[in-house]
Amino acid sequence: MIRVEGIHKSFGKVRAVRGVSFEAPDGKITGLLGPNGAGKSTTLRVLYTVLQPDKGRAFIDGADVVTQSLEARRRIGALPHGAGLYPHLTARENIAYYARLCGIEPGAIEDRVDGIIRLLEIRDFADRRTKGFSQGQRTKVAIARSLVHDPQNIILDEPSNGLDVMATRSLRDLILKLKDAGRCVLFSSHVMQEVAALCDDICIIADGQVAIDDSADGIRKRTGCDDLEDAFVRAIQMVGPA
Amino acid sequence: MMRTLLTVFRKEVLDNVRDRRTLVSALIMGPLFGPLLFAFMINLSIERSLEDAERVIDLPVIGQQHAPNLVRYLESRNIDAVEGPADRGAALAAVSTGAHDVVVVIPPEFAGQFADGIPARIEVIADQSNSQADRQARRVRGALHAYSGELASIRLSARGLSPLALRPLNIDDVDVSTPSGRSAILLGMMSYFLIFALLMGGMYLAIDTTAGERERGSLEPLLALPVTRNQLLLGKIAATCVFMALSLGLALGSFYVALKFMPLDELGMTPNFGPPTVAAAFLVLAPFILLGAAVMTLVASFTKSYREAQTWLSGVLLAPTLPILIVSILTLRPRLEFMFVPSLSQHLLLVDMVKNEPLEPLHVAISAGSTLLLGGLLTWVCARLYRREGLLG
């Protein structure tokens with residue numbers, strides 16, 4: 001479970017995040033929705049501990065991302081935006097590297113890597129070097145390696161960017177599988193339809209603030225718009241500029 | 001801690017062994033560049049020095065008919081007189097345009113002055129700013145002086161005086177430099193080539209640690225793993241060190257082979273560079289590996305991109321030459337305080353080794369200690385920088 005309590009983050013004069021709070025429970029899919037530059041990535045980067053919030057706190061299964069960052073990272077599988085692979089290593093080696101870094105026992109690594117390769121259906125290209133992989137193949141391998149230590153919380157930053165229909169579909173299946181396994185899945189997107197189709201909870205962010213945090217139906221009701229896209233636009237307008 | 005470090009280290013080695021660019025710079029460029037340049041320069045200087053003494057040169061001489069004996073004497077010294085420019089004016093023009101290197105002019109009054117026993121005038125026209133021409137002019141002048149000396153002796157004998165009267169002093173040069181010592185002048189550059197090879201070996205790994213990982217987008221997911229950044233950084237620096245050590249070893253090996261096949265004894269040099277010296281040289285340079293890895297990682301961590309890092313690190317490759325150059329120009333002898341300066345201390349110790357002079361244990365200790373200390377300090381700074389948020393760019 002992920003809990004965010006009023007985090008702020010500025011880069012120089014730019015106030016990227018201004019008091020974001022939400023909760024992403026286990027066994028549910030939570031979507032972080034917002035236009036480009038709304039503060040989605042910054043929020044997620046605070047959660048997977050590569051950035052420190054200026055103010056506010058965030059917890060991963062109760063572990064504070066600032067004071068217990070190592071413990072928090074142990075409970076997270078993160079796919080940063082535009083995550084890259086090591087081109088001279090095969091997909092399997094890329095995944096196994098992360099498995100070893102996460103402290104999985106050397107004897108168990110092979111089984112674990114095989115399991116994750118099966119789960120993500122990447123066996124066909126698992127033993128090829130990742131140089132020259134398509135965007136879809138790269139994303140799958142990057143997700144695979146972030147799941148290799150079997151984390152309870154999964155954070156995906158715009159995972160469907162640059163994916164074709166088939167790849168998007170299998171990504172959706174994977175996210176649903178993770179939900180069924182009782183995991184906490186938090187992902188960001190700027191595509192309303194994608195979020196609506198998958199998420200139990202939608203947190204719309206604009207200008208570094210939470211505009212609305214509800215289910216898809218709840219959002220329709222509260223904005224008074226039947227069409228989700230209109231609802232999205234309305235919700236964003238509800239947040240005034242800084 | 002150790003396991004993570006080892007994991008990072010193993011992955012970096014595997015990754016870079018598969019990268020042709022790293023391999024070429026670590027295993028070929030660095031280690032072979034120095035020895036090849038060396039072999040080329042030494043062969044060139046051997047050829048020059050052998051050639052200059054013996055080669056027959058054609059010397060345009062104006063007015064040969066006025067001094068047939070002199071012309072014959074020059075021939076015996078491998079200087080053949082040939083037809084030159086028509087007159088003195090044409091000769092001056094020919095030399096200044098470079099058509100001829102040296103022209104000798106024997107004026108018509110030469111024979112008369114010679115017969116009268118007064119100093120007979122002879123002109124050597126050369127451009128002294130041209131080193132190739134000057135070398136020839138020196139040979140011609142030397143031959144003329146020798147001829148003049150011989151004639152003087154004959155004239156003195158003819159008057160019943162001992163030619164020894166012309167030699168009030170008998171000057172003997174005693175050269176205390178040993179053949180190993182003479183090698184040191186040329187081989188002094190070797191230490192720089194070795195440091196160059198060492199740095200080249202780890203350059204791409206050092207870039208990869210920060211700028212490379214960032215540009216590829218693999219840094220952020222790596223930092224989101226449940227490992228500390230210190231472990232990641234130290235693993236990467238360790239891998240950089242191993243590649244640098246490998247390059248250094250190969251460079252020493254190729255120097256050993258190159259020196260074995262070079263006709264150094266023809267230049268009067270016998271460098272002390274057998275297997276024990278090679279091994280000792282590796283140990284003397286080894287502390288520089290940590291320093292090199294830390295400096296390169298540090299510099300690369302300030303850059304925004306791979307390309308920018310490459311540019312800056314090329315500068316780092318040249319930095320160790322500076323102290324070596326200054327000391328070489330001032331021809332300073334090893335002193336205690338020099339041992340605190342990395343690259344300089346290794347250079348001086350290496351020169352002593354090649355000269356086959358005993359090393360001062362205190363010097364070796366200070367050199368290794370101060371270089372390692374600085375390397376450790378910079379590694380610590382790298383680790384601090386690896387923890388900042390700006391690392392992600």
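Predicted model: local features only at pLDDT ≥ 70, side-chain atom pairs only at ≥ 80, totals over all residues.

Q: Is chain B a compact globule or more spread out?
A: Chain B is more spread out than a compact globule, because its radius of gyration is 31 Å, well over the 21 Å that the globule rule gives for 393 residues. Along the principal axes, its C-alpha atoms fill a box of roughly 105 × 45 × 35 Å.

Q: What percentage of its residues are buried?
A: Of the 393 residues in chain B, 37% are buried.

Q: And what about contacts along the chain?
A: Among contacts in chain B with a separation of 6 or more, 75% are between residues 24 or more positions apart.

Q: What is the mean pLDDT of chain B?
A: The mean pLDDT of chain B is 86, and 94% of its residues reach 70 or more. For the model, the ipTM is 0.93 and the pTM is 0.79.

Q: Which elements of chain B have the lowest and highest mean pLDDT?
A: The lowest mean pLDDT among the elements of chain B, 76, belongs to helix 2 of chain B (residues 20–54), and the highest, 95, to helix 14 of chain B (residues 361–386).

Q: New topic: how many residues of chain B are in contact with chain A?
A: There are 19 residues of chain B in contact with 25 residues of chain A. On the chain B side, helix 1 (2–17) and helix 8 (219–223) of chain B each supply at least two residues. Helix 1 of chain B gives the most, with 4 residues.

Q: What classes of residue are on that side of chain B?
A: The side of chain B that touches chain A has 7 nonpolar, 5 polar and 7 charged residues.

Q: Back inside chain B: at what angle do helix 9 and helix 10 of chain B pack?
A: Helix 9 (residues 229–261) and helix 10 of chain B pack at an angle of about 145 degrees, with their axes 9 Å apart. Their crossing is right-handed. Residues of helix 9 of chain B in this contact include Met244(B), Leu248(B) and Tyr256(B), while those of helix 10 of chain B include Phe282(B), Leu285(B) and Ile289(B). The residues of this contact divide into 15 nonpolar, 4 polar and no charged.

Q: How does helix 10 of chain B pack with helix 11 of chain B?
A: Helix 10 (residues 275–301) and helix 11 (residues 306–318) of chain B pack at about 145 degrees, with their axes 9 Å apart. Helix 10 of chain B passes helix 11 of chain B in a right-handed crossing. Val295(B), Met296(B), Val299(B) and Ala300(B) of helix 10 of chain B make the contact with Ala309(B), Trp312(B), Leu313(B) and Val316(B) of helix 11 of chain B. These divide into 8 nonpolar, no polar and no charged residues.

Q: Now chain A. Is Ala58(A) buried or exposed?
A: Ala58(A) counts as buried, because it has 23 C-beta neighbours inside 10 Å and the cut-off for buried is 20 or more. Ala58(A) lies in strand 4 (residues 55–60) of chain A. Beyond its neighbours within four places in sequence, its contacts include Val4(A), Ile7(A) and Val65(A).

Q: And is Glu229(A) buried or exposed?
A: Glu229(A) is exposed, because 12 other C-beta atoms lie within 10 Å and a residue with 12 or fewer is exposed. Glu229(A) is found in helix 9 (residues 228–238) of chain A.

How values were computed
Residues numbered from 1 in each chain as written. Chains lettered and ligands numbered in written order. Rg over C-alpha atoms; globule rule 2.2 N^0.38 Å. Contact = placed C-beta atoms within 7 Å. pLDDT = per-residue confidence, 0-100. Nonpolar A, V, L, I, M, F, W, Y, C, P; charged D, E, K, R; others polar. Axes fitted to C-alpha atoms, helices over the stretch in contact; angles between N-to-C directions. Left-handed = near helix turned anticlockwise from the far one by under 90°.
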